[in-house]
Amino acid sequence: MATVSSDLSGRRILLIISGGIAAYKALDLIRRLRDTGADVRCILTSGGAQFITPLSVAALSENKVHTDIFSLTDESEMGHIRLARDCDLVLIAPASANIIGRAAHGLADDLAGTVLLATDKPIMIAPAMNPVMWENKAVQENLGILKKRGYTLLSPGAGDMACGETGTGRLAEVPDIVKAVSAFFLQGGPLKGLKALVTSGPTYEPLDPVRFIGNRSSGKQGHAIAEALALAGAHVTLVAGPVKEPVPRLVHAVHVQTAQEMLDACLKALPVDIAVCAAAVADYRPEETSDTKIKKTGKEPMTVKLVQNPDILATLSQSNRRPKLVIGFAAETNDGLENAKKKLANKGCDWLVLNDVSGGKVFGQDSNIVTLLQKNGAGVSADTWPEKDKKEVARDLVAQIAASFK
Ligand code: PMT
C-alpha cells in the first residue's frame, strides 16, 4: 500500500524576519510552521530586532537565532554559506520594502542579504508595509525583478494597517503562509497534478426561517479525506454542509446548506479526477419552505410534504464529465453489505465505503470501522478495516486512491 505523508516533518525552513510592525506575526508563524513538523531556523535582521527579540524567536523555534554576519561564534559554528544551503526553503516574512530592494539589487551588507545571494534553495517572500509604500513603483519594480528570478510572492492582504491607513500591505495571513509552504513541499505528492472533489457534513433542508431537516454528520470523516487528498498533492475542492469542523489546510472549501446547493457546487467544481462523496445528504426536502415562522395551529396531525432531493453521487457517476474515480459512502444500520452492494450498482460509482451507523454510531465520533467495496471486473471485493481514527481511515483510503492512479 502506498504511504502518504501527512506533515512537513524533517523539512527545514530558513525564515528571514525583517523590520516592520508585522514582525510580531513571525512569532506565530514559527509556531504554526513547527506544528506541521517543520524545523525552523531564523535570521532576524537588525530591523526585525527592533520589533521582536532574538530570545522569543529562539524560544519558539528552539533553534539558535542568526543575526550578525560578522559574528565569530556563528561563523565558526555554522558559516553563512552553510546556513544558506542547509535548508529546503527560504521564507522572508515579513519582507520590508528595504529587504525587497536589497535582494533585487544583490546587496550583501548583512546576513540576510548575503544568505539570499548564497542560497541555491527556492525563496518565498511575504511582503508587509504601508499601502503607499507597497504601491510605490520602486517596490513594485523590485518585486518584479525578484519574481522574474523565481521568488514566489505571497501577496499582502488589504485592510486596516497598524500605521492607521487602509489599503494593501498587510502581511498575508499566517495560516495562508503555512498553506503555501505546505503546498510547496507537497508538489511532489503521489496525487500531484490531480483534482479532487469531496463532499462532507450534513445538508440542512429548511422548513421555515428557523427550522430545518438535517442529520448528525459532523464532517469529521469527509474533512479528513479532503485534507489527506491535499496532503498527497491533489488540488482539492471541499463542498461542505453546515459543520463546525475547521477547513483543512491546503483545501479550497465551498460552504453550502442544502442538497441542491451541494449539487450545484459539485457540478461547478467539475472536471475533477477524483470525487469522494462522504456527505450525509438529505434524501428529501420539504416541498415548500415558509418565508415566515410556521405557527402552531392547534390542529393535529401536522403534516409536511417532502419531495426527493437530487442524488449527487449518482449525478456525478453518470455525468458526461464523470471523474475517473468516483467513491461513495454508505451509512447503513442493517444488512450493510447487501445494501452497500446495491448502492454501488445503482449509483454507478466505482468504490463504496460502508460504515455501520446503527444506534447513531460513527456520526460525530473520532473513529470509524469501514468496509471498502471496490468494483473489479464483473465482481465486487469487500475489505473490512479494523477500527481506526477517521484521519487514519482517510489516509489509508487516499493511499488506495494513489495506488489506483499509479
Ligand atoms: O460526518 P461524520 O460525523 O464524520 O460522519 C461520517 C458519515 C457517517 C456521515 C460518513 O462516514 C458517511 O457514511 N457518509 C454518507 C452518509 C449517507 O448519506 O449515506 P447514504 O447511504 O444515505 O448515501 C449513499 C451515498 O450517496 C453517500 O455517498 C452520499 O453522500 C450520497 N448521496 C446520498 C443522497 C443524496 N441525495 N445525494 C448523495 O450524493
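Predicted model: local features only at pLDDT ≥ 70, side-chain atom pairs only at ≥ 80, totals over all residues.
Author: Residues are numbered from 1 along each chain as its sequence is written, and side-chain values use heavy atoms, with hydrogens and water left out.

Reader: What makes domain 1 and domain 2 the domains of this protein?

Author: The bounds come from an automatic or database domain assignment, which gives 12-186 as domain 1 and 195-405 as domain 2. Their centres, taken over C-alpha atoms, are 41 Å apart. Five residues from domain 1 and seven residues from domain 2 take part in the contact, a term that means heavy atoms within 4.5 Å.

Reader: What is the area buried between domain 1 and domain 2?

Author: Buried area is the accessible area (1.4 Å probe) that two parts lose on being put together, summed over both. Here that area is about 460 Å², with 67% given by carbon and sulfur atoms. On the side of domain 1, Lys 179, Ser 182 and Leu 186 lose the most area to domain 2, together 84% of what that side buries.

Reader: How many salt bridges are counted between domain 1 and domain 2?

Author: A salt bridge requires a side-chain nitrogen of Lys or Arg within 4 Å of a carboxyl oxygen of Asp or Glu. The count between the two domains is zero.

Reader: Which residues are the closest to the ligand?

Author: The closest are Ser 217, Ser 218, Ala 279, Lys 343 and Asn 355, among 27 residues that surround the ligand; a residue is near if one of its heavy atoms lies within 4 Å. In the side chain of Asn 355, an N or O atom is 2.6 Å from an oxygen atom of the ligand.

Methods
Polar contact = N/O pair within 3.5 Å; in protein donor to acceptor, adjacent residues only side chain to side chain.
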